[in-house]
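Let's take a friendly walk through a protein fold. Have a look at the model first, and then read on.

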Amino acid sequence: MLCSNQLSYITVTVAGVERIARSVQPRTSTVYAPRQGREGYVSDPFLVKKTLAVEELAIGIMDAVVVGAGLVGAAAALALGDAGLEVTVIEAAAPPPASDGWDSRIYAISPGSRELLHSIGAWQQLDAARIEPVLGMEVHGDRPGARIDFDALASGVPALAYITEGGALARALWRQLEASDHVKLRVGSRPQSLTIDASAATLQLDDGSVLRAPLIIGADGAESWVREAAGIDVRTRGYAQRAVVANFRTSLGHRGIARQWFRPDGVLALLPLPDGQVSMVWSAEEAHAETLTAMDAATLAQAVGAASAGSVGELEVVTPAAAFPLRLRVAASFVRPRLALVGDAAHNLHPLAGQGVNLGFRDVRTLAATLSARGPERDVGVLPLLRRYERSRREDVAAMVAATDGLQRLFSSRLPGIAALRNAGLSLADRVPGLKSLLAQQAAA
Ligand SMILES: Cc1cc2nc3c(=O)[nH]c(=O)nc-3n(C[C@H](O)[C@H](O)[C@H](O)COP(=O)(O)OP(=O)(O)OC[C@H]3O[C@@H](n4cnc5c(N)ncnc54)[C@H](O)[C@@H]3O)c2cc1C
């Protein structure tokens with residue numbers, strides 16, 4: 001058993017490999033002792049954590065601490081757990097409980113993300129009756145006739161994306177975290193200080209606990225504390241827009257088509273939901289967003305119906321409007337020694353392509369694959385290994401930033417001639433053989 005106030009060496013068995021790890025247990029009698037028979041833990045019969053006051057965890061027993069269990073952090077913890085790592089997750093607040101109505105936070109989940117979510121056991125827990133596959137997509141410019149269409153069948157994929165509720169997905173991931181043998185969940189605490197030395201990173205939490213692990217993963221969203229504590233710069237651009245979201249019943253239904261309109265005053269998207277409903281994301285200039293959120297239900301339904309040219313018929317509000325500020329934030333680096341950023345902590349995009357969380361899930365896949373493939377190098381926090389993760393992600397992130405930021409700039413430009421050019425570009429792209437399949441397949445990743 002681990003003793004207090006002493007430095008000891010213990011034998012740890014991880015993934016069948018026995019190794020010696022340093023156990024540091026100073027200051028108080030708080031100890032972690034193993035669960036019996038649990039791989040990755042000290043072969044000692046005593047059970048689990050005795051107090052939350054102060055813990056210093058033996059290197060090799062805890063491989064990583066994930067800060068933030070949003071969709072991306074939760075997926076990261078589970079994927080790393082499946083890759084044989086022992087992970088502790090710190091999350092400020094548990095996801096809200098389920099309610100009867102429809103969630104206004106709706107996500108277009110790419111087929112690649114769905115595969116990841118399935119592999120970590122979350123997707124199969126979702127209610128299939130509340131998921132809508134996207135069979136086609138119409139993207140309209142701001143001149144009549146300027147549009148590009150995508151079709152799942154023609155692109156060789158069963159669906160371009162799957163529309164699902166954010167809350168349901170968060171709860172499914174949370175259940176998996178609670179059930180995992182490789183993940184310890186600490187809810188209600190936040191880190192207060194981060195120090196990194198040659199052998200580990202140490203997080204001091206606001207409840208007085210101290211966690212020490214070879215790797216810290218910052219999955220704490222766009223305002224990432226971890227990113228800031230690590231001194232990583234961030235490139236920022238405000239869009240002076242808010243994303244207004246609401247769900248509607250439609251009189252004509254949607255035929256599984258996601259529709260988007262690039263307008264001079266923003267971008268309007270209607271995503272298909274089950275039972276002929278649609279979920280709106282209207283990225284509108286600040287003042288317009290304020291007007292939209294202040295409208296009563298009937299006026300909002302009328303305004304959205306008119307802006308979408310009646311394509312889904314008459315609308316009736318199901319979930320009232322809520323607004324989210326929009327900003328581009330890209331971290332100058334995704335890694336430091338013993339630290340990696342994933343999800344919005346690394347890159348926070350304009351939602352016009354519905355790719356933010358998908359990009360984060362691709363971070364997770366790459367990080368898990370990189371750490372799994374580290375070979376005889378047992379230490380998951382060394383910089384050359386983490387740099388491999390960063391190099392593998394840079395191109396995808398840069399391409400998505402360029403696409404979303406570029407389109408946002410192009411369609412918000414008031415320069416003479418730009419409107420004709422952008423609309424001609426959209427129609428041209430629609431006719432280039434092979435281009436649309438390529439774009440659809442990239443979006444499906
Ligand atoms: C209107 C809108 C629509 C969108 N639609 C789509 C879409 O259709 N498809 C898509 O792919 N993306 C979409 N996105 C983007 C998507 O919402 C984000 O990319 C995604 O939620 C990021 O997830 P995350 O887990 O990285 O961060 P977050 O969701 O921000 O999670 C961060 C977590 O960390 C916790 N946390 C934060 N700080 C601390 C701390 N100090 N200590 C402990 N815990 C902490 C928080 O409580 C939270 O749980 C949309 C965005 C918007 C605004």
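What follows covers a sheet, the helices lying across it, and a pair of packed helices.

This is a predicted model, in which local features need pLDDT of at least 70 and side-chain atom pairs count only at pLDDT 80 or more, while totals for chains, interfaces and linings use all residues. Residues are numbered from 1 along each chain as its sequence is written, and side-chain values use heavy atoms, leaving out hydrogens and water.

Helices (H or I, at least four residues) and strands (E, at least two) are DSSP runs, numbered from the N terminus. Two strands pair if DSSP finds at least two bridges between them.

Eight strands form an open sheet with mixed pairing, in the order β8-β7-β16-β17-β18-β15-β19-β22. At its edges are β8 (147-151) and β22 (347-348), each of which pairs on one side only. Inside the sheet order, β15 (residues 234-250) and β19 (residues 315-331) run antiparallel and are joined by 13 bridges. T250 has L315 in β19 as its bridge partner.

Two helices lie across strands of this sheet. Axes are lines fitted to C-alpha atoms, for helices over the stretch in contact (heavy atoms within 4.5 Å). Angles run from 0 to 180 degrees between N-to-C directions.

| Helix | Lies across | Angle |
|---|---|---|
| α7 (residues 297-307) | β15, β16, β17, β18, β19 | about 65° to β19 |
| α9 (residues 383-412) | β15, β16, β19, β22 | about 75° to β15 |

Elsewhere in the text of this fold, α2 (residues 111-119) packs against α8 (residues 356-372) at an angle of about 50°, with axes 9 Å apart. In this contact, G112, S113, L116 and L117 of α2 meet N358, F361, V364 and R365 of α8.
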